[in-house]
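Colleague: I would be grateful for a close look at one part of this model, namely the packing of its helices. Please set that part in the context of the whole chain.

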Amino acid sequence: MLDGAIGVTVDDLNAAIDVREAVYRTVIARLEGRRPKSADVDLLNKWAAEPQLTPQLLRSGGIRRAGTVAQVLSSVAADLLDLVAGPDIENVKRCAHDGCTRLYVDSSRAKNRHWCGMGTCGNKAKVRAFRERQRPQP
Ligand SMILES: [Zn+2]
């Protein structure tokens, strides 16, 4: 979300973990047809109400993305609110790879995506399938 690295305190890291976990639990609750926890909704609403990242237009025509950890967390929380209340929530899936807990929005046309990313879990699944095919049959 930012063009460069920024300093992060232990409190920033803990706040980011709290937001990440609240986002995860809220989306999982939605996927399972449950109401999210009040504490998670309150936390996400609190962060979404804070000032968000604001891109800056450069004279070159590019955009510079800079900000604080609080602005990043605010933007993440606001994005989550838009996701949960919008049409893309119907396309949120859990990664099919064993042991992966990532969620993703399946934006493929056929809605047949299985993994969080081809560079990670998709590749591992392909390698495993290849090895299964190469294994001598008894
Ligand atoms: Zn995955």
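Modeller: The account below begins with the chain as a whole and then turns to the helix packing. The model is predicted, and the remarks that follow should be read accordingly.

The chain contains 4 helices and 4 strands, and along the sequence these elements follow the pattern α-α-β-β-α-β-β-α. The radius of gyration is 19 Å, well over the 14 Å that the globule rule gives for 138 residues, so the chain is more spread out than a compact globule. Along the principal axes, the C-alpha atoms fill a box of roughly 60 × 45 × 35 Å. Of the 138 residues, 26% are buried. Among contacts between residues at least 6 apart in sequence, 47% join residues at least 24 apart.

I turn now to the helix pairs. Two packed helices are described by the angle between their axes and the distance between the axes. Helix α1, residues 10–31, packs against helix α2, residues 38–48, at an angle of about 125°, and their axes are 9 Å apart. The crossing of α1 with α2 is left-handed. On the α1 side, the contact is made by Ala 15, Asp 18, Val 19, Ala 22, Val 23, Arg 25 and Thr 26, while α2 contributes Asp 40, Leu 43, Leu 44 and Trp 47. Sorted by class, the contact of α1 with α2 has 7 nonpolar residues, 1 polar residue and 3 charged residues.

Thr 26 is placed in helix α1 and has a relative accessible area of 6%. The limit for a buried residue is under 20%, so Thr 26 is buried. Apart from its neighbours within four places in sequence, Thr 26 is in contact with Pro 36, Asp 40, Leu 44, Leu 80 and Val 84. Two of these partners, Asp 40 and Leu 44, belong to the α2 side of the contact described above, and Leu 80 is among the α3 residues that meet α2.

The second pair is α2 with α3. Here the angle is about 120°, and the axes are 7 Å apart. Helices α2 and α3 are therefore oblique to each other as well, and their crossing is left-handed. From α2, Leu 44, Asn 45, Trp 47 and Ala 48 meet Ala 70, Leu 73, Ser 74, Ala 77, Ala 78, Leu 80 and Leu 81 of α3. By class, the contact of α2 with α3 has 9 nonpolar residues, 2 polar residues and no charged residues. Leu 44 and Trp 47 of α2 take part in the contact with α3 and also in the contact with α1.

Arg 65 lies in the loop between β2, residues 63–64, and α3, residues 69–85. With 42% relative accessibility, Arg 65 counts as partly exposed. Leaving aside neighbours within four places in sequence, Arg 65 is in contact with Met 1, Leu 2 and Asp 3. The C-alpha atoms of Arg 65 and Asp 3 are separated by 5.3 Å, although the two residues are 62 residues apart along the chain.

Conventions
Residues are numbered from 1 along each chain as its sequence is written. This is a predicted model: local features need pLDDT of at least 70, side-chain atom pairs count only at pLDDT 80 or more; totals for chains, interfaces and linings use all residues. Side-chain values use heavy atoms; hydrogens and water are left out. Axes are lines fitted to C-alpha atoms, for helices over the stretch in contact, and angles run from 0 to 180 degrees between N-to-C directions. Helices (H or I, at least four residues) and strands (E, at least two) are DSSP runs, numbered from the N terminus. A crossing is left-handed if the near helix is turned anticlockwise from the far one by less than a right angle, and right-handed if clockwise. Contact means heavy atoms within 4.5 Å. Ala, Val, Leu, Ile, Met, Phe, Trp, Tyr, Cys and Pro count as nonpolar, Asp, Glu, Lys and Arg as charged, and the others, Gly among them, as polar. Buried means under 20% relative accessible area, exposed over 50%, partly exposed in between (1.4 Å probe, protein chains only). The radius of gyration is taken over C-alpha atoms; the globule rule is 2.2 Å times the number of residues to the power 0.38. Angles under 35 degrees count as roughly parallel, over 145 as roughly antiparallel, 65 to 115 as roughly perpendicular and the rest as oblique.
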